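Please prepare a short report on the structure shown here.

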Protein chains: 2
Amino acid sequence: MAAPNRQMALMDKARACATFNSRELTYLLYGGKEATERREAAFTRIEDALGVSDTRKLPLAYAGQDREGQYLQGLAFGKALMDDEIKHRHGIFDYHSHRFALIIASPFGHNPLMFGPTLRLQTSPEQRDYWVPLLEAGKIIGTYAQTELGHGTFLRGLETTATLDLDTDEFVVHSPTLTSTKYWPSALGFTASHAVVMANLVIRGKNHGMQPFMVQLRNLDDYSLMPGIETGDIGVKMGLNSTDMGYAVFTNVRIPRTNLLMGNVQVLQDGTFIKGKHQKMAYATMMYTRDRIVHNVGFQLAQAVVIATRYSTVREQGIGFSPTATAEWPIMAYKSQHYRLLSLMAQAYALFFAAAECTTIYNQLTAQLAAGDLSLLPYVHATTAALKAYSTQVASDGAEDARKCCGGLGYSILSGLPSIVGDLAPMPTLEGENHVMYQQTARYFMKAITRIKAGLPVDDGVSYLATTPTSSSSSSASTAHCPASSPSDFLNPETQLQIFRHRATRLAFYAHHLLLTTTTTTTPTQQQPSPPTILYAQAWNTHMLPLIHAARAHIELFVLSAFISSTTPSSPQSSPQSSPSPQSPSPSPSSPPTYPPSLLTLRTLFALTLIENPLSPSSIHFFEDGYVSLEQVYSIRATVGDLLKELGRDVLALGDGWGFSDACLGSAIGCWDGDVYARVMGWTRGLRGGEEEGGGKGGGKGESGGDMGKRGFEKVIGPMLRGRL
Amino acid sequence: MAAPNRQMALMDKARACATFNSRELTYLLYGGKEATERREAAFTRIEDALGVSDTRKLPLAYAGQDREGQYLQGLAFGKALMDDEIKHRHGIFDYHSHRFALIIASPFGHNPLMFGPTLRLQTSPEQRDYWVPLLEAGKIIGTYAQTELGHGTFLRGLETTATLDLDTDEFVVHSPTLTSTKYWPSALGFTASHAVVMANLVIRGKNHGMQPFMVQLRNLDDYSLMPGIETGDIGVKMGLNSTDMGYAVFTNVRIPRTNLLMGNVQVLQDGTFIKGKHQKMAYATMMYTRDRIVHNVGFQLAQAVVIATRYSTVREQGIGFSPTATAEWPIMAYKSQHYRLLSLMAQAYALFFAAAECTTIYNQLTAQLAAGDLSLLPYVHATTAALKAYSTQVASDGAEDARKCCGGLGYSILSGLPSIVGDLAPMPTLEGENHVMYQQTARYFMKAITRIKAGLPVDDGVSYLATTPTSSSSSSASTAHCPASSPSDFLNPETQLQIFRHRATRLAFYAHHLLLTTTTTTTPTQQQPSPPTILYAQAWNTHMLPLIHAARAHIELFVLSAFISSTTPSSPQSSPQSSPSPQSPSPSPSSPPTYPPSLLTLRTLFALTLIENPLSPSSIHFFEDGYVSLEQVYSIRATVGDLLKELGRDVLALGDGWGFSDACLGSAIGCWDGDVYARVMGWTRGLRGGEEEGGGKGGGKGESGGDMGKRGFEKVIGPMLRGRL
């Protein structure tokens with residue numbers, strides 16, 4: 001280790017101020033000391049195997065590799081992760097890499113993320129017995145091919161066909177158009193041996209809808225493509241470049257009839273099509289993936305925030321407009337920086353606890369589905385959809401803001417931040433585009449309000465819509481006002497929830513009112529209770545924005561509720577009536593563990609900054625109806641100022657609590673020790689020769705380094721200058 | 001050209017709906033038909049020279065090059081741009097590349113952007129006569145080395161020294177610490193022969209502050225580094241990878257005394273230091289660069305929006321929740337998409353006109369400075385600082401939103417959007433970090449309010465602060481209300497300006513009030529008119545957020561005013577009293593040209609969405625004091641709905657009006673003809689062999705393409721699978 005220097009001393013000093021032991025927080029987050037250590041041991045094994053443990057050395061990934069180098073490195077780390085899971089029997093890297101990219105950053109990542117769950121959830125027992133052992137032994141490499149060049153979130157638009165040939169008892173998988181080319185799946189380019197291909201099942205000219213088919217892509221001996229299949233890499237993206245996201249064109253590819261995955265439907269040899277009883281099970285894979293994404297983006301945001309807070313602790317810049325100051329300030333001392341980073345830290349923790357709540361309700365659902373009970377499905381589907389949209393938006397915007405907090409160095413790949421931002425960037429799109437996701441939640445919401453208006457019961461998770469006093473359906477100004485009268489009132493979780501419930505309820509009823517008004521005033525048959533669907537579709541489109549706002553307000557309430565209920569030990573104030581988690585279908589039986597007080601302060605900061613921060617999406621909705629007054633927002637802002645002061649001592653500890661290894665952050669500016677500048681210059685100088693040195697490990701070709709200037713002079717600069725003499 | 005297909009037909013049909021000729025709009029934007037054609041001819045020459053005119057062919061830049069390939073390509077296009085400017089005597093590429101990246105994306109870009117202006121503005125006449133001809137003939141290649149590893153926006157923190165050696169009549173340029181390493185300048189790695197180095201001028205132990213020194217980095221014959229100089233590339237960034245952003249360490253590098261650029265200061269042979277009369281001229285270079293950045297980011301946002309609107313016209317997805325629909329909808333038909341893209345289009349035009357206004361006042365300033373009149377300096381400095389912050393934030397966030405509007409393909413480099421987003425990403429940081437910029441404006445603002453309270457006059461640009469009736473200094477709820485009573489009132493530019501003036505005035509007075517209260521209540525000498533600076537600095541930090549909000553509100557008013565005044569033909573309603581441009585120091589004498597009515601509708605959309613969009617930064621401030629009521633915001637939202645409908649026919653024409661060539665967009669999904677899918681698949685397939693074909697032109701080494709899968713199998717997948725049999 002380098003000798004202590006000014007930055008390391010600043011870091012030590014700041015860390016010593018903490019009011020709690022960050023290690024204890026780590027144990028709480030990851031399920032205890034033992035589980036934490038098991039987890040950390042896995043990271044350490046991987047980091048050692050990949051040669052990235054020594055953070056004084058430039059990581060190969062930052063050496064400016066070409067496309068092939070990126071891919072070969074992805075294969076190397078993907079194999080290391082898979083081998084470790086098989087050898088040590090764990091699932092730590094089932095949905096994220098050793099650097100917390102979604103696991104499809106590994107060319108082998110679809111095995112655990114979507115290919116595997118599909119083989120487990122959507123197969124017949126015989127199919128399961130055949131395929132799952134092959135998968136678990138790593139003998140086949142899978143991908144999940146759904147999206148097409150011309151078709152994404154809207155599944156019914158997919159064009160690929162699988163037509164039953166009764167003569168040969170085969171399905172013929174075919175890409176009938178340019179737009180039906182499968183495009184995007186990770187590992188589809190070169191890596192996958194098999195793909196679950198979503199295609200229109202056609203029997204005797206009749207289309208039975210989208211179904212999953214197992215298609216072998218490559219000969220396992222020499223990996224040559226099977227007849228009729230063309231695949232390739234789709235090139236460079238903003239992130240996830242370590243995998244071969246690819247395309248595939250199928251030209252009358254023949255597979256056995258029994259390669260239709262028959263967990264939900266069946267096709268007999270004579271062409272009989274049988275709908276399964278548990279058709280909705282197909283949703284389970286989708287919700288599983290969304291749940292995993294929700295989990296992972298919270299970690300990614302946390303990584304960005306940890307890097308930015310550490311850097312801001314040791315980066316000194318300016319003297320705060322004080323002409324008499326003699327030393328520069330660490331940038332964390334500036335209010336705007338402090339405010340941004342702590343708000344983001346609060347959001348990262350909020351996503352963590354919301355994700356845990358999401359998994360809880362997902363598990364409840366799967367248990368009920370197994371028993372044939374579908375009643376929770378609409379609520380869980382609506383919740384995972386909106387939470388996927390919300391969490392990916394918050395994480396993606398937040399990581400970019402954390403990156404900007406690091407100024408110039410945040411723009412350099414050496415900071416680790418561009419990778420996090422780039423790997424997060426597709427999340428608002430994949431597995432359901434966010435604006436579509438919000439609308440699915442809004443649809444569920446509108447149905448709930450129709451039921452409420454008819455006096456019918458609704459799911460517990462949205463019952464607050466019926467009980468919140470502000471549920472006026474009128475479009476005119478509401479007369480409700482936030483009852484908080486002193487700054488301390490805003491510290492009360494119940495007051496916070498009340499403010500969020502008011503907003504969500506008002507926006508939901510208003511959107512419902514708009515829909516109803518538009519459809520009933522444009523149709524002559526005013527008495528008809530359910531308006532013609534075509535008019536409804538028009539009205540929906542006209543009022544799409546208020547509908548999205550309503551869904552977003554609901555899920556923000558869900559997130560706050562989850563944060564509160566997961567961190568509030570049982571106390572007199574959490575009586576059933578003022579239960580802080582009105583969304584969860586059944587209250588969690590066990591009382592949450594005792595978190596450090598600073599985490600609860602951070603939770604308050606989360607709630608209050610969502611209200612008062614002019615940059616918080618939709619904060620306008622707390623104010624536009626006059627519910628929160630100017631006096632109150634001044635009071636909230638003063639309170640936020642106090643909270644920030646209070647949290648100042650614990651900024652680092654709250655980051656350290658996530659328990660990220662230096663290597664997993666991959667950041668020259670975000671390591672534990674604070675030795676930013678020596679590491680940046682070490683890595684920068686490493687660019688010259690780093691490729692040769694690291695090339696053997698990751699497989700990069702790299703010969704660019706130190707000679708690129710020489711070749712630039714020989715090829716362009718020299719001739720140019722000589723030509724001008 | 002490919003035969004017309006469905007997408008191309010959709011594009012033709014949508015384009016045919018336009019209410020105006022987009023070509024006429026292009027002429028208006030670029031100063032007439034002739035100027036437009038001259039400009040387009042330059043782009044065509046460059047595109048031909050670089051082999052990118054045929055947009056059926058994969059651009060080399062997207063072929064997954066390694067770091068050296070990226071740099072060699074940068075040299076190639078940089079040389080083409082420079083040669084064209086010299087040969088055809090124009091300055092079209094003085095601040096942006098042929099793809100509208102800031103010109104430092106070219107390794108030769110500092111010549112026109114900062115190196116050149118410094119040689120013109122900060123030299124003595126003799127120095128100018130010596131250096132400028134060398135520069136103009138392209139015989140020296142310059143960079144501007146200011147930022148250091150440990151120091152950015154805060155100039156006084158820079159550590160590099162230039163110490164006068166009286167014995168040899170030389171300056172000794174030195175990097176005394178690790179943190180003083182020059183870091184970031186484009187071309188510093190390998191390309192630049194000379195650098196203007198900002199360093200502390202030290203004479204006989206006395207520091208005379210930061211001054212510019214000309215340092216020769218390399219021997220012009222073989223380009224070997226001069227003694228005592230170490231430089232290198234700093235590696236991959238989120239964007240701008242075609243240049244060798246670099247670092248430099250100086251170890252006692254000797255330069256002649258006369259290499260101090262002596263436009264503002266002088267050092268005589270005996271060590272006498274003479275301050276110049278026009279010291280503030282140093283600001284001129286800085287303001288020039290900021291003005292250029294403001295101009296350019298508007299174009300970059302426009303590029304992203306043009307790509308996204310074209311793609312959204314031909315991309316069909318879903319059936320809008322209508323179970324009876326038979327065809328999918330183009331995604332532009334969805335209200336949320338339509339709303340986002342038109343809002344962004346409005347912002348791009350707003351930046352265009354605001355940038356033009358910025359140049360106008362910058363030119364007024366330089367004319368006055370030349371005459372020794374410094375009176376405009378504070379206002380222009382404050383305006384360019386906030387406008388730099390505002391425009392880079394709007395453009396960077398907006399381009400990313402436009403990218404997200406394109407879903408999956410927006411994530412692929414083939415869409416052209418990642419490059420735009422990546423090249424924009426550093427703009428909020430460089431040439432003055434945005435949060436610091438806003439505070440500089442806020443400082444000017446607070447001084448103006450102190451003057452207003454003392455009954456003293458202020459600059460015309462902020463005189464509205466004195467005349468807006470809502471200028472209450474109290475912290476309690478304002479009683480002012482927006483006077484608009486009917487939806488049509490909101491169409492009136494004067495109403496719009498009044499709403500923005502109210503917000504800016506309220507926030508400015510409130511921030512001033514906070515500053516004053518904090519400093520006077522914590523100091524015992526309440527009578528003292530100017531509070532002690534140390535307390536003031538503390539108060540400033542405490543209230544930094546309201547101060548930044550005030551500056552932002554002011555500059556948003558400036559932008560709206562500029563948009564209105566630049567597009568409103570003289571009419572009875574624009575009497576001096578209701579002048580739409582209260583900021584511009586003197587009203588522009590010539591009446592603006594007549595723009596298509598749709599552009600004026602778009603301007604209204606700009607004003608109204610800033611108010612009502614829950615995602616608009618700071619929209620909360622229109623509501624928190626009750627100035628805009630719920631009824632009014634419902635009315636504004638209904639009006640926005642009408643405007644969107646009205647603009648539907650012209651979305652493409654408003655984009656076409658920018659006059660971007662297909663090649664400059666570099667997008668498989670954003671070309672004029674709408675042939676998205678064929679181009680995406682053509683480029684994707686081009687990845688296999690494209691490098692060999694294109695390699696000769698740009699100089700990329702490229703051999704990654706089609707064999708990367710083969711090597712992946714040989715190195716990793718094959719052995720892995722065989723090991724598991």
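This is a predicted model: local features need pLDDT of at least 70, side-chain atom pairs count only at pLDDT 80 or more; totals for chains, interfaces and linings use all residues.

Residues are numbered from 1 along each chain as its sequence is written, chains are lettered from A and ligands numbered from 1 in the order in which they are written, and side-chain values use heavy atoms, with hydrogens and water left out.

## Interface of chain A and chain B

Each chain brings residues to the contact: 150 from chain A and 150 from chain B. Contact means heavy atoms within 4.5 Å. The two chains bury about 12,400 Å² between them, and 66% of that is on carbon and sulfur atoms. Buried area is the accessible area (1.4 Å probe) that two parts lose on being put together, summed over both.

There are 10 salt bridges between chain A and chain B. A salt bridge is a side-chain nitrogen of Lys or Arg within 4 Å of a carboxyl oxygen of Asp or Glu. A:Arg711 forms a salt bridge with B:Glu68, with the closest N and O atoms 2.3 Å apart. Helix H23 (residues 708-723) of chain A gives the largest share of the side of chain A that touches chain B, 10 residues. By class, that side of chain A has 67 nonpolar, 46 polar and 37 charged residues. Here Ala, Val, Leu, Ile, Met, Phe, Trp, Tyr, Cys and Pro count as nonpolar, Asp, Glu, Lys and Arg as charged, and the others, Gly among them, as polar.

Helices (H or I, at least four residues) and strands (E, at least two) are DSSP runs, numbered from the N terminus.

## A sheet in chain A

Three strands of chain A form an open sheet in the order S4-S8-S7, with antiparallel pairing. S4 and S7 of chain A are the edge strands, and each pairs on one side only. Two strands pair if DSSP finds at least two bridges between them.

| Strand joined to S8(A) | Bridges | A bridge partner pair |
|---|---|---|
| S4 (residues 182-183) of chain A | 2 bridges | A:Tyr183 and A:Tyr247 |
| S7 (residues 229-233) of chain A | 5 bridges | A:Asp233 and A:Gly246 |

A:Thr231 has A:Ala248 as its bridge partner in S8(A). Strand S8 (residues 246-250) of chain A is mostly covered, with 5 of its 5 residues buried. Buried means under 20% relative accessible area, exposed over 50%, and partly exposed in between (1.4 Å probe, protein chains only). A:Gly246, A:Ala248 and A:Phe250 point one way from S8(A), while A:Tyr247 and A:Val249 point the other way.

B:Met681 sits in helix H22 (residues 676-698) of chain B. B:Met681 is buried, at a relative accessible area of 1%. Neighbours within four places in sequence aside, B:Met681 is in contact with A:Leu149, A:Leu178, A:Thr181, A:Tyr183 and A:Tyr247. B:Met681 and B:Leu58 are 623 residues apart in sequence and 9.9 Å apart in space, C-alpha to C-alpha.

A:His98 lies in the loop between helix H4 (67-88) and helix H5 (110-121) of chain A. A:His98 counts as buried because its relative accessibility is 8%. Beyond four places in sequence, its contacts include A:Phe43, A:Phe77 and A:Cys664.

A:Pro133 is in helix H6 (residues 125-136) of chain A. A:Pro133 is partly exposed, with a relative accessible area of 44%.
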